[in-house]
Amino acid sequence: MTTQRLLNRRMAIAEMGKAGLAVVVFGAAACSDPAGTVSTTTAPGTIPSNTALADSTGGDATTTSPAAATTTAASAMTAFQRVSLDFVSAYILYRGGEAALVDTGVEGSASAIEAALGEAGLDWDSVGHVILTHKHPDHVGSVDEVMNQVPGATLYAGAPDIPQIDSAIVPQPVGDGDHVFDLEVIASPGHTAGHICVLDAAAGILVAGDAMVGANGGVTGPDPSFAEDIDLALDSVGKLAAFSYEVALFGHGEPVLEDASAAVSALAEG
Ligand SMILES: [Zn+2]
């Protein structure tokens with residue numbers, strides 16, 4: 001049963017990877033759906049869910065009771081939308097009509113982000129959280145444009161990078177142990193001192209920023225020529241290998257949609 005479900009999930013993810021940019025993955029948590037199979041969804045480009053959402057991390061306004069999760073399965077799904085901006089990508093993680101934006105791309109990217117929100121059936125009002133993986137201009141370039149569109153949203157970044165982020169709003173510092181929108185923040189220094197990744201543990205999605213790079217359907221290590229401290233950056237790869245996730249999303253390169261943490265483990269050991 002478990003194996004079959006996992007297989008179906010992987011196949012579904014693989015199919016979605018071929019079909020388009022929007023991919024939904026499911027929590028590996030216990031399932032309360034007696035049928036154990038798919039249910040109807042309404043969001044375009046999504047895969048039906050048979051799992052409940054993670055409700056254990058708490059700490060923000062998105063907390064939902066398990067009972068509610070079983071009756072609103074569609075809102076429990078976590079999906080991502082890639083915002084492909086030439087050589088760099090930003091990502092939208094969303095569930096239940098709410099979204100977190102991870103990175104903002106180069107300057108002038110707000111319209112592309114808005115279009116990607118629309119493809120996911122969302123709009124600016126959906127965005128309650130903007131998370132910056134690190135200070136580099138290809139990740140924070142549109143932060144003011146974005147924050148002007150979402151004045152009620154909270155902006156976050158790793159503390160050591162914040163002094164070098166040129167934004168009208170000073171980001172709130174986050175690091176290990178912090179959760180934003182049920183996403184776990186993982187400090188991953190090296191590429192920059194304040195680099196952070198975010199993990200949706202329930203859905204199995206890691207947004208890796210520039211801690212690693214997507215390459216040929218797999219993952220490769222941080223580029224020494226762009227890392228402030230390559231030894232620290234390699235240590236961070238080892239740290240990220242210790243978590244479990246199916247999907248890894250990178251600032252540069254194509255996402256890994258299957259067995260991503262195994263690929264990162266292999267990279268860390270190599
Ligand atoms: Zn960078």
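Me: Which residues touch the most other members in the largest nonpolar core?
Reply: This is a predicted model. In its largest nonpolar core, which has 29 residues, Ile92, Leu101, Val130 and Val150 touch the most other members.

Me: Which elements give two or more residues to this core?
Reply: They are strand 2 (78-85), strand 3 (88-95), strand 4 (98-102), helix 4 (110-119), strand 5 (127-131), helix 6 (143-149) and strand 6 (154-158).

Me: Take Leu101. What is it in contact with, leaving aside its neighbours within four places in sequence?
Reply: Leu101 is in contact with Ala90, Tyr91, Ile92, Ile113, Val127, His129, Val130, Ile131 and Val146.

Me: OK, whole chain now. How many helices and strands are there, and what share of the residues is buried?
Reply: The chain has eight helices and 14 strands. Of its 270 residues, 50% count as buried. Take the contacts between residues at least 6 apart in sequence: 59% of them join residues at least 24 apart. The chain exposes about 11400 Å², with carbon and sulfur atoms supplying 55% of that area.

Me: Changing topic: the metal. What coordinates the zinc ion?
Reply: His134 through NE2, His136 through ND1, His191 through NE2 and Asp210 through OD, at 2.2 to 2.3 Å. Along the chain these donors follow the spacing H-x1-H-x54-H-x18-D.

Me: Where do His191 and Asp210 sit?
Reply: His191 is in the loop between strand 9 (183-187) and strand 10 (196-200), and Asp210 is in the loop between strand 11 (205-209) and strand 12 (213-215). They are 19 residues apart, and the pair links distant parts of the chain.

Me: Are those two buried or exposed?
Reply: His191 counts as buried because its relative accessibility is 6%, under the 20% cut-off. Asp210 is also buried, at 5%.

Me: And what is the geometry of the zinc site?
Reply: Irregular, with angles of 87 to 174 degrees among the four donor atoms.

Me: Which pairs run parallel or antiparallel?
Reply: Strand 9 and strand 10 are antiparallel, over four bridges. Strand 10 and strand 11 also run antiparallel, with three bridges. Strand 11 and strand 14 run parallel and are joined by four bridges.

Me: Which residues face each other across those pairs?
Reply: Leu199 in strand 10 is the bridge partner of Glu184. Leu199 also stands opposite Leu206 in strand 11. Gly209 stands opposite Phe250 in strand 14.

Me: What about strand 10 itself, how many of its residues are buried?
Reply: Five of its five residues are buried. Ile196, Val198 and Asp200 point one way, while Cys197 and Leu199 point the other way. In a regular strand the side chains alternate between the two faces of the sheet.

Me: Which residues other than glycine have a positive phi?
Reply: Asp103 is one of them, with phi of about 75 degrees. Asp182 is another, with phi near 60 degrees. Most residues other than glycine have a negative phi.

Me: Where are those two, and are they buried or exposed?
Reply: Asp103 is in the loop between strand 4 and helix 4, and counts as buried at 2% relative accessibility. Asp182 lies in the loop between strand 8 and strand 9, and is buried at 10%.

Me: Last one: is Ala242 buried or exposed?
Reply: Ala242 is exposed, with a relative accessible area of 66%. Its place is in the loop between helix 7 (230-241) and strand 14. Ala242 and Ser265 are 23 residues apart in sequence, and their C-alpha atoms are 7.4 Å apart in space.

Definitions and conventions: Residues are numbered from 1 along each chain as its sequence is written. This is a predicted model: local features need pLDDT of at least 70, side-chain atom pairs count only at pLDDT 80 or more; totals for chains, interfaces and linings use all residues. Side-chain values use heavy atoms; hydrogens and water are left out. Donors are N, O and S atoms within 2.8 Å of the metal (3.2 Å for Na, K and Ca); water is not among the atoms, so sites may look incomplete. Four donors count as tetrahedral if all angles lie between 85 and 135 degrees; four count as square planar and six as octahedral if opposite donors are over 155 degrees apart and all others between 65 and 115; anything else is irregular. Buried means under 20% relative accessible area, exposed over 50%, partly exposed in between (1.4 Å probe, protein chains only). Two strands pair if DSSP finds at least two bridges between them. Contact means heavy atoms within 4.5 Å. Accessible areas come from the Shrake-Rupley method with a 1.4 Å probe; for residues, only the protein chains shown count as cover. A nonpolar core is a set of buried Ala, Val, Leu, Ile, Met, Phe, Trp, Tyr and Cys residues joined through side-chain atoms within 4.5 Å.
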